[in-house]
Amino acid sequence: MTEPAILIAIADDHAVVRDSISNMVSGFGKFRVIIKAGNGKELIEQLKKANPFPEICILDIQMPEMNGYETMEYIRKHWPDLKVLALSMLEDEFAIIRMLKLGASGYLS
């Protein structure tokens, strides 16, 4: 009997990064990416319709339309139990601290 997969959502405005992360995460076997979004607005629309719902979200900070900070605030308000890992090319302390204060569980650079 196999263990159920841990379901993942990814939001990043760069398709290459999004697909690379998805392929890497899926390669671990125990994880399955069920949502891929190009910005926070797309992510929220997909989360509203998600069934099953992801357990973890990998969220880029710098995205058009709705950035990671705004998306994180919305997620905390509507889905407080969703674990979020902030993702950014920036190694800016301010960005890291702000995302953690907004409720991110961790930070990936």
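# Helices, strands and loops

Reader: Hi! Where is the place of P52?
Author: Welcome! This model is predicted, with local features needing pLDDT of at least 70, side-chain atom pairs counting only at pLDDT 80 or more, and totals for chains, interfaces and linings using all residues. Residues are numbered from 1 along each chain as its sequence is written, while side-chain values use heavy atoms, leaving out hydrogens and water. Helices (DSSP runs of H or I, at least four residues) and strands (DSSP runs of E, at least two) are numbered from the N terminus, and P52 belongs to the loop between α2 and β3.

Reader: What is omega for the cis peptide bond that joins N51 and P52?
Author: Most peptide bonds are trans. The one between N51 and P52 is cis, and its omega is about 10°.

Reader: What order do the 5 strands of the open sheet have?
Author: Strands pair if DSSP finds at least two bridges between them. Here the pairing is parallel, and the open sheet runs in the order β2-β1-β3-β4-β5.

Reader: Which strands stand at the edges?
Author: Look for strands with a single partner, because one side of each is then left without a neighbour in the sheet. Those are β2 (31-37) and β5 (106-108).

Reader: What angle does the direction of helix α1 make with that of β2?
Author: Helix α1 (residues 15-26) packs on the sheet, where it touches β1, β2, β3 (56-60) and β4 (83-87). Contact means heavy atoms within 4.5 Å. Angles run from 0 to 180 degrees between N-to-C directions of axes, which are lines fitted to C-alpha atoms, for helices over the stretch in contact. For α1 and β2, the angle is about 165°.

Reader: Which residues are buried in α1?
Author: Let's sort by relative accessible area: buried is under 20%, exposed is over 50%, and partly exposed lies in between (1.4 Å probe, protein chains only). V16, N23 and M24 are exposed on the other side of α1. The buried residues have β1, β2, β3 and β4 among their cover; in α1 they are R18, I21, S22 and V25.

Reader: Why are they on the same side of α1?
Author: Start with R18, I21, S22 and V25, the buried residues of α1. They lie on the same side because the arc they cover around the axis, taken from the directions from the helix axis to the C-beta atoms, is only 100°.

Reader: Is V33 buried or exposed?
Author: V33 has its place in strand β2. Beyond its neighbours within four places in sequence, V33 is in contact with I8, I10, S22, V25 and S26. Its relative accessible area is 16%, so V33 is buried.

Reader: What is phi of E65, a residue other than glycine?
Author: Most residues other than glycine have a negative phi. E65 lies in the loop between β3 and α3 and is exposed, with a relative accessible area of 63%. Its phi is positive, near 65°.
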